[in-house]
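Hi everyone, thanks for coming. Let me put the model on the screen, and then I'll walk you through a few places in it.

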Amino acid sequence: MKYALTRHWTTVVPPLAAVVLAIAWFTHPSGPAVVILILGLAGAVLAAVQHAEVVAHRVGEPFGSLLLAIAVTVIEVGLIVTLMASGGHDASTLARDTVFAAVMITCNGIFGLSLLVGALRRRVAVFSAEGAGAALATVATLATLSLVLPTFTTTKPGPEFSGSQLTFAAVASLLLYGLFVTVQTVRHRDDFLPVEADVLDDRRDDRPSSRTAVWSLVLMVIALIGVVGLAKMVSPAIERGVAAAGLPRSAVGVVIALLVLLPETIAAVRAARRDRVQVSLNLALGSAMASIGLTIPAIALASIWLDGPLTLGLGATQMVLLALTVVVGVLTVVPGRATLLQGGVHLVLLAGFVFLAVSP
């Protein structure tokens, strides 16, 4: 009965979001009516990830973390593409800012918060160094290929890829992400399971039924459609709000990433509270990986019909933060155990990123 949908708010929200989207699509609301769209968007995001979690619990780990990461990334890609389509030349850096923000939030915010919660419960958060290390190495490689190299290539002026370079980055991202998924789910699945044997809570009597999982999958798809459509409707309000606050345009990417990753953060914290720190790290690093490995190919494809330049290269400050995140991440995952200190260091890195994003 834990997963009964008939009395759960997430049963109502996805169809309701679809109805709100249909009305907004033809009426183009503005002013106070935008608040309703924002509430619908937030509800659809929460409902989509909630249903993804139900399906994830049915299929088990590490498939569950993978499904959640992909669901969140689909939301992120939809937001980026819709905002870029409506922003024209002014949105040339939106993809870069959003993807980089997602990497910093996942690899420092969700990662650090998971370690902090796990260490508070058992003094030391224990996880698989092999699994976390492999995921972090993949994230670092994807980030360097897609976000660092464009700053130094010379075929096109500015921090941009040429058409062939963008194609290579997109194909390499897909191949590397696919290889990681194969390793995570087939060849080395044990490296991504919770370390503590007593927390492997995959009992069949606690898992949702197949029927419940199928309905959750359907409702998740409806919710994702609502998210993408509503994002298109509220995108002007987000940009106006950032401009009115006197913040740089890069803050739009941070707002998008924070909005999209909030449900994932909640899921990771809940897993850490149940002493499933490895699951939390799977969610954090898996989301960072999917954010790059799936968003860059989608943006490369969308650039065929989108007007204006596509700036992917990071600035000097951003590259320093990325390099520091990778170095600290390696030092954190190598021992396979972490204390409050490691969690606090990652959270301070996130705070530094947010502060510099609003006050460059």
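**A walk through the model**

Let's start at Asp275, which counts as buried because its relative accessibility is 14%; buried means under 20% relative accessible area, exposed over 50%, and partly exposed in between, with a 1.4 Å probe and protein chains only. Asp275 lies in the loop between α8 and α9 (277-302). Its phi is positive, about 65 degrees, although Asp275 is not a glycine.

Before going on, a word on where this comes from: this is a predicted model, where local features need pLDDT of at least 70 and side-chain atom pairs count only at pLDDT 80 or more, while totals for chains, interfaces and linings use all residues. Residues are numbered from 1 along each chain as its sequence is written, and side-chain values use heavy atoms, with hydrogens and water left out.

Arg123 also has a positive phi without being a glycine, here about 70 degrees. You'll find Arg123 in the loop between α4 and β1 (125-126). Is Arg123 buried or exposed? Arg123 counts as exposed, because its relative accessibility is 72%.

Now let's zoom out. The protein chain has 11 helices and 2 strands; these are DSSP runs numbered from the N terminus, with helices being H or I of at least four residues and strands E of at least two. In sequence order the pattern reads α-α-α-α-β-α-α-α-α-α-α-β-α. The C-alpha trace spans about 55 × 50 × 35 Å along its principal axes. For 360 residues, a compact globule would have a radius of gyration near 21 Å, and the 20 Å of the protein chain agrees with that. That radius is taken over C-alpha atoms, and the globule rule is 2.2 Å times the number of residues to the power 0.38. Buried residues make up 53% of the 360 residues.

On to the aromatic rings. How many aromatic pairs are there? The count comes to 2, where rings of Phe, Tyr and Trp (its six-membered ring) pair if their centres lie within 6.5 Å, and planes under 30 degrees apart count as stacked, over 60 as edge-to-face and the rest as tilted. Phe100 and Phe353 form an edge-to-face pair, 5.5 Å centre to centre with 80 degrees between the planes. This pair links distant parts of the chain, with Phe100 in helix α4 (residues 94-122) and Phe353 in helix α11 (residues 340-358), 253 residues apart. Both Phe100 and Phe353 are buried.

Phe180 and Phe192 form an edge-to-face pair too, at 5.5 Å centre to centre and 85 degrees between the planes. Phe180 is in helix α6 (residues 163-187) and Phe192 in the loop between α6 and α7 (210-244), 12 residues apart. Phe180 counts as buried at 7% relative accessibility, and Phe192 is buried with a relative accessible area of 2%.

Next, please look at His51 in helix α2 (residues 33-59). His51 is buried, with a relative accessible area of 1%. Which side chain does His51 contact? A polar contact of 3.4 Å joins His51 to the side chain of Ser216; such a contact is a pair of N or O atoms within 3.5 Å, where within protein one must be able to donate a hydrogen and the other to accept it, and residues adjacent in sequence count only if both atoms are side-chain atoms.
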